[in-house]
Amino acid sequence: MDILLNPLNRRHRLRSDIPVMPGAFPLVGHLPAIVCDLPRLLQRAERTLGSHFWLDFGPAGHLMTCVDPDAFSLLKHKDVSSALIEEIAPELLGGTLVALDGGAHRQARDAIKAAFLPKGLTQAGIGDLFAPVIQARVQAWRARGEVPILRETGNLMLKLIFSLMGIPAQDLPGWHRKYRQLLQLIIAPPVDLPGLPLRRGRSARDWIDAQLRRFVRDARAHAARTGFINDMVSAFDSSDGPLSDDVLVANIRLLLLAGHDTTASTMAWIVIELARQPVLWDALVEEAQRVGAVPTRHADLAQCPVAEALFRETLRLHPATTLLPRRALQELQLGQRRIPAGTHLCIPLLHFSTSALLHEAPDQFRLARWLLRTEPVRPVDMLQFGTGPHVCIGYHLVWLEMVQFCIALALTMHKAGVRPQLLSDVEKGRRYYPTAHPSMAIRIGFS
Ligand code: HEM
């Protein structure tokens, strides 16, 4: 199938001396191709236009996309701002730390980061909290024999995040629906009419924020209670400068959002890879039998190198966050070009994650990349989590839950004498933006 580009738009144009990718549609620009076919779009743009080119993100405008490896280090550059994220998704990410720079960003991040480090996670007993939830879910899959994998991992992740926050897991399907509608705010055309994505997304956000405000009020009323929301509320309340409840609610919403779709997608891809590569499954089962139980502390993760390698290699080939927007505050040198101050930039994590410049045989799934390495993991090896001041706060949490999930899956299915089987076409229905995920329709059998 050809890439979803507008055949009537073939004109070659330049902006600031940099080529614009042809094929944009009115209003939505290149978004259809970005959402459905990003890898081929980036490859074609690089082949025909070189390492620097403009992509049209529809309502978010044109972003200068650079596939030169130098672009990754822009994430650490002092003259590059994240404020563009708020302009692209003001209703969703406005006031959240992902869209803040400098001192304001540090203040908001400092108020929550300790809870996400291995020590904080271990002290809060997060591994003990998650293990039974994960085990119960994979047992249910075994009993059902066949599941739509992304829907299932999405529900599991929501349940885990709820338990992390100390929120009783009632009405999960309702929350799930609200999340899907909320995500539409990122690509919603600016038309506010009943039934359209903007109206639906706003009402989902208002619903979620109202629930979160209630949780915050509840946390203050029961300050002695433990739980993630209580810890966050007290960290925010004792922060150096005043942080309003709006900032607090927006950042809890960010955590729910950032920790849900990305992780559900990665977990679903892990199961898909295990189903289509029996040798991976055999290696995982061997490891799971050796360790004998789902690990619960960070210190135990070193005993599960196969599960860790599975998580890292799956995320390398299927990064959940594919593109990061930024703005140049000053004129910058980027590869061979000068980029004017004010330029809107797109940093294609997907491209670097599967680049031949960084990885041997980049398209092949190789556990050995991770199992045989002797040096520690470098920032470039975990670029799927970004780098610099905004590097993902959830990295250690993801690592823990992915290893727990792999071991629980292998122990449960092996005990029942079954293994995962792929029942659908993996290539059909993949999405790459705003977050990347396999098709909702993919089914996995356990037999
Ligand atoms: C596989 C799973 C995940 C992936 C691939 C991922 C990826 C990323 C990336 C690429 C960024 C950098 C954004 C930027 O620089 O603009 C980021 C930031 C962030 N992530 Fe994650 N993430 C994942 C899971 C999580 C989880 C589980 C949580 C928390 C529950 C989380 C919370 C955050 C937060 C709060 C930020 C913003 C940090 C800041 O701006 O200082 N993420 N993530």
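## The nonpolar cores

Leaving aside its neighbours within four places in sequence, L409 is in contact with V138, W141, V271, L274, W281 and F446 (contact means heavy atoms within 4.5 Å). The model is a predicted one, in which local features need pLDDT of at least 70 and side-chain atom pairs count only at pLDDT 80 or more, while totals for chains, interfaces and linings use all residues. Residues are numbered from 1 along each chain as its sequence is written, and side-chain values use heavy atoms, with hydrogens and water left out.

L409 is among the residues with the most contacts inside the largest nonpolar core, together with F57, W141, I149, W175, L284 and F405. This core has 128 residues, and its largest share, 14 residues, comes from helix α18. A second, separate core of 20 residues includes C66, L75, L332 and L334. A nonpolar core is a set of buried Ala, Val, Leu, Ile, Met, Phe, Trp, Tyr and Cys residues joined through side-chain atoms within 4.5 Å. Buried means under 20% relative accessible area, exposed over 50%, and partly exposed in between, with a 1.4 Å probe and protein chains only.

## T412 in helix α18

T412 is found in helix α18, which spans residues 395-415. Helices (H or I, at least four residues) and strands (E, at least two) are DSSP runs, numbered from the N terminus. Is T412 buried or exposed? T412 counts as buried because its relative accessible area is 12%.

Not counting residues up to four places away in sequence, T412 touches V138, Q139 and R142. Q139 is 273 residues from T412 along the chain, yet the C-alpha atoms of the two are separated by 6.6 Å. The side chain of T412 also reaches the backbone oxygen of A408, at 2.7 Å.

## Around the ligand

Which protein atom is the donor to the iron atom of the ligand? The single donor from the protein is the SG atom of C392, 2.3 Å away. Donors are N, O and S atoms within 2.8 Å of the metal (3.2 Å for Na, K and Ca); water is not among the atoms, so sites may look incomplete. C392 lies in the loop between α17 (368-371) and α18.

There are 27 residues around the ligand, and H105, R109, R326, H390 and C392 come nearest (a residue is near if one of its heavy atoms lies within 4 Å).

The shell is made up of 15 nonpolar, 10 polar and two charged residues. Here Ala, Val, Leu, Ile, Met, Phe, Trp, Tyr, Cys and Pro count as nonpolar, Asp, Glu, Lys and Arg as charged, and the others, Gly among them, as polar. At least two shell residues each come from α5 (102-113), α12 (245-258), α13 (261-276), β7 and α18.

## Helix α11

Helix α11 covers residues 228-237, and its buried residues are F228, I229, N230, M232, V233 and F236. These buried residues pack against α5, α8 (149-165), α10 (197-221) and α12.

## T322 and I347

T322 sits in the loop between α15 (305-317) and β7 (324-328). With a relative accessible area of 0%, T322 is buried. Apart from neighbours within four places in sequence, T322 is in contact with L38, I347, P348, L349, L350, Y432, Y433 and A436.

I347 belongs to strand β10 (residues 344-347). I347 counts as buried because its relative accessible area is 1%. Not counting residues up to four places away in sequence, I347 touches A71, F72, L74, L75, T322, L323, L324, R326 and F352. I347 and G386 are 39 residues apart in sequence, with their C-alpha atoms 9.8 Å apart in space.

## Backbone details

A cis peptide bond, with omega about 5°, joins Y433 and P434. P434 lies in the loop between β11 (420-422) and β12 (443-446).

D17 is not a glycine, but its phi is positive, about 75°. D17 is in the loop between β1 (13-15) and β2 (18-20) and counts as exposed, at 58% relative accessibility. A361, also a residue other than glycine, has a positive phi near 45°. The place of A361 is in the loop between α16 (349-353) and α17, and at 24% relative accessibility A361 counts as partly exposed.

Notes
A polar contact is a pair of N or O atoms within 3.5 Å; within protein, one must be able to donate a hydrogen and the other to accept it, and residues adjacent in sequence count only if both atoms are side-chain atoms.
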